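Hi,

Here is the structure I promised to pass on. Have a look at it first, and then read on for what turned up.

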Amino acid sequence: MGARKSTGAERSRLLSVFHSLLAAYGPQRWWPAETPFEVMVGAILTQNTAWTNVERAIARLKGHVPVDAEAIAGLPTESLAELLRPAGYFNVKARRLQRFCAAYLAAGGAEGLSAMETGALRGWLLAVHGVGPETADDILLYAFERPVFVVDAYTRRIFARLGCLRGEEGYEALRRTFEAVLDPDVALFNEYHALIVLHGKGVCRARPSCDACCLRGSCPYPDASGPKARPVRPRLSGPRR
Ligand code: SF4
């Protein structure tokens with residue numbers, strides 16, 4: 001990935017992919033949660049597990065306590081772990097969630113954190129033990145409605161196959177690349193990530209179902225267009241520095 005200035009063609013390409021996905025799947029209206037704090041809980045619990053398991057864990061939690069920082073922090077860790085069992089790694093996740101709740105309360109909760117500028121809030125999230133870049137960005141985008149582009153394995157796979165990325169770029173480089181090419185638009189970033197996840201899970205899987213793909217006509221991946229396959233430009237150039 002170079003450091004040259006991103007182009008209008010790159011922006012058009014990303015928006016074209018977005019609109020194709022949106023037309024194919026419709027708006028997803030993420031995140032599936034009742035409150036911003038529940039988004040944070042879900043983002044922490046979804047690490048290394050399927051979302052259906054997180055839903056089961058959150059349903060069990062809701063059956064016992066309100067999903068808020070005071071209630072979760074006040075539970076005995078063993079009891080919380082038992083409630084979180086469906087999410088996997090439940091002992092680790094119980095400790096991780098309680099550490100997050102303690103930090104959240106110490107920082108003034110939603111009011112204190114909402115007052116922080118996005119870069120500072122991202123730094124705060126990353127300083128909480130167990131919160132990595134993807135989790136932090138899920139929380140920034142879906143709980144705090146900040147224009148941060150969430151990158152995950154599906155993003156990397158789909159856009160590498162589309163010829164937009166090399167695929168081995170680091171997380172921060174990819175995030176900054178998408179943010180440099182697209183306008184800082186919370187609604188766009190919200191839908192785009194949700195559609196990428198849906199497409200990566202259902203169609204552009206490890207073994208892709210190219211015959212069923214709405215992006216097939218512009219995808220140079222070998223299985224996508226058979227003998228007509230050809231590289232698609234532009235590849236994303238990376239953010240301005
Ligand atoms: S055509 Fe195939 S490789 Fe390309 S994005 Fe669609 S599923 Fe993925």
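This is a predicted model: local features need pLDDT of at least 70, side-chain atom pairs count only at pLDDT 80 or more; totals for chains, interfaces and linings use all residues.

Asn 48 sits in the loop between H2 and H3, and its backbone is worth a look: phi is positive, at about 60°, although the residue is not a glycine. Glu 145 is another non-glycine residue with a positive phi, in this case about 55°. You will find Glu 145 in the loop between helix H9 (133-142) and helix H10 (153-161). Glu 145 has 14 C-beta neighbours inside 10 Å, so it counts as partly exposed.

There is also a peptide bond to check. The bond that runs from Trp 30 to Trp 31 is cis, with omega near 5°. Trp 31 belongs to the loop between helix H1 (8-25) and H2.

Now for the overall picture. The protein has 12 helices and zero strands. Of its 241 residues, 34% are buried. If you take the contacts between residues at least 6 apart in sequence, 65% of them join residues at least 24 apart.

The largest nonpolar core holds 60 residues, and Met 40, Ala 57, Leu 84, Leu 97 and Ile 139 are the ones with the most contacts inside it. Helix H2 (residues 36-45) gives the largest share of this core, seven residues. Both domain 1 (8-28 + 150-228) and domain 2 (36-142) contribute residues, so the core lies between them.

Leaving out residues up to four places away in sequence, Leu 84 touches Leu 45, Ala 57, Phe 90, Lys 93 and Ala 94.

Asp 68 has 18 other C-beta atoms within 10 Å, so it is partly exposed. Asp 68 and Thr 35 are separated by 33 residues in sequence, while their C-alpha atoms are 9.3 Å apart in space.

Happy to go through any of this with you.

Best wishes

Methods
Residues are numbered from 1 along each chain as its sequence is written. A nonpolar core is a set of buried Ala, Val, Leu, Ile, Met, Phe, Trp, Tyr and Cys residues joined through C-beta atoms within 7 Å. A residue is buried if 20 or more other C-beta atoms lie within 10 Å of its own, exposed if 12 or fewer, and partly exposed in between; C-beta atoms are placed from the backbone. Helices (H or I, at least four residues) and strands (E, at least two) are DSSP runs, numbered from the N terminus. Domain bounds come from an automatic or database domain assignment. Two residues are in contact if their C-beta atoms, placed from the backbone, lie within 7 Å.
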